[in-house]
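Hi,

Here is the structure I promised to pass on.

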Amino acid sequence: MSLPDHPQVQPTCVRPQGAHLVGSTTFDDCGSTFRTTTSVLGSRLKRVPDGEVGERFHWIAFQPNRLSATVGLERVGDTPIVINPGAPVELDVRQLRLTPGTDASALELPSLGYADAAIDSWAEFERLRTEGIIPAQTRFMVALPTPLATVSSFIWTDDRPAVEPVYEAALALELDRILTAIPHDSLAIQWDCAVEFGFLESADAYRVGAFEPWWEDLFGGLIERAARQAGRVPDSVELGFHLCYGDSGEKHFIEPKDASNLVKFANALVKASPRALQFLHLPVPIERDDSEYFSPLAGLELSEGTELYLGLVHREDGVAGAERRIAAAAQFVSAFGVSTECGFGRAPKDQTVPLLETHAAVSVGW
């Protein structure tokens with residue numbers, strides 16, 4: 001990997017407080033995720049996800065399989081587009097469109113899978129916490145995509161305006177089931193905002209038209225949608241947002257020139273949200289340990305009590321690279337925890353524990 005030609009900030013003794021796990025890990029089951037992450041990171045973690053195991057191993061890529069059972073939706077094209085062939089669950093990511101004559105408002109979507117997975121994982125989380133393996137104060141974190149992610153990625157361009165409210169309502173029902181089944185004082189919800197930055201950066205999509213808006217005010221529409229999801233989470237449950245530039249093959253769909261769009265989005269979201277955020281996660285590309293990337297963080301306007309996590313831990317350069325990025329970030333923001341730039345479920349399995357150990361080496365507990 002070639003690095004950009006810019007001055008590097010030398011590591012300092014700054015030790016961020018806390019670590020955040022964005023979502024996916026490489027473990028085969030949620031119990032392994034819970035045991036290993038809490039064993040390595042201990043008091044650094046306030047919240048633990050289940051690792052997005054099973055069909056969720058590639059974020060939202062399992063949604064077309066789910067949606068294809070819907071009467072009134074059909075696949076586009078005759079040839080399956082399979083990612084990770086030979087995996088326990090093969091994911092066909094072909095888009096879907098309304099069948100001729102179908103009124104989108106009449107669609108009855110099947111279970112999207114998020115509530116079933118969360119409720120199953122919560123049972124294991126609760127058992128391990130009762131046994132003392134998971135610290136008593138730790139919350140179970142459920143990461144959900146914004147509805148925009150699935151609709152813009154997997155619904156045919158012309159049908160997105162009509163299908164979006166239907167899918168959003170279905171995802172809201174999934175959230176309601178989670179809120180009913182899991183005690184609120186043990187739960188955290190994280191909304192994943194990734195495609196939003198594809199729209200903002202006008203990136204070339206991994207499929208044609210994925211980042212073409214169907215509303216007039218691009219930025220305003222993105223913020224209004226994200227704030228609406230924030231409002232679905234009651235104040236009794238912790239809420240956070242993961243801002244992201246994608247992670248297909250451990251690579252962003254576009255590399256941000258700096259953190260300015262992340263800060264702009266975060267500030268607007270904080271102002272528009274009908275409730276407070278407990279945490280916010282921003283990614284940091286591996287190549288960026290320079291002041292230019294981090295300088296926009298000086299303008300970040302988080303509410304008091306909102307934890308900031310910077311995704312500056314990368315498996316390829318470990319502690320040394322994380323410390324360089326920590327030193328660069330510390331010039332512009334005084335308090336933050338550490339994370340990877342996205343979930344690391346697509347990384348080599350033998351790198352998972354060393355990656356967690358890097359988090360521990362460069363941070364302190366709460």
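A quick definition before we start: a residue is called buried when its relative accessible area is under 20%. Also keep in mind that this is a predicted model.

With that cut-off, take strand S8 (residues 238-243). How many of its six residues are buried? Six of the six, so S8 is largely enclosed by the rest of the structure. Both faces are covered: Leu239, Phe241 and Leu243 are buried on one side, and Glu238, Gly240 and His242 are buried on the other.

S8 has a strand partner in S7 (residues 187-193), and the two pair in the parallel sense over six bridges. In that pairing, phenylalanine 241 of S8 has tryptophan 191 opposite it. S8 is also joined to strand S9 (residues 279-283), again running parallel, by three bridges. There, histidine 242 has histidine 281 of S9 as its bridge partner.

Now for the helices. Helix H7 (residues 218-231) and helix H8 (residues 260-272) have axes that come within 9 Å and cross at roughly 50°. That angle makes H7 oblique to H8, and the crossing is right-handed.

Which residues make the contact? From H7 they are Phe219, Leu222, Ile223, Ala226 and Ala227, and H8 brings in Lys264, Phe265, Ala268, Leu269 and Ala272. Sorted by type, the contact has nine nonpolar residues, one charged and no polar.

Cheers

Technical notes:
Residues numbered from 1 in each chain as written. Predicted model: local features only at pLDDT ≥ 70, side-chain atom pairs only at ≥ 80, totals over all residues. Heavy atoms only, no water. Axes fitted to C-alpha atoms, helices over the stretch in contact; angles between N-to-C directions. Helix = DSSP H or I, 4+ residues; strand = E, 2+ residues; numbered from the N terminus. Parallel < 35°, antiparallel > 145°, perpendicular 65-115°, else oblique. Left-handed = near helix turned anticlockwise from the far one by under 90°. Contact = heavy atoms within 4.5 Å. Nonpolar A, V, L, I, M, F, W, Y, C, P; charged D, E, K, R; others polar. Buried < 20%, exposed > 50% of the residue type's maximum accessible area, 1.4 Å probe, protein only. Pairing = 2+ DSSP bridges.
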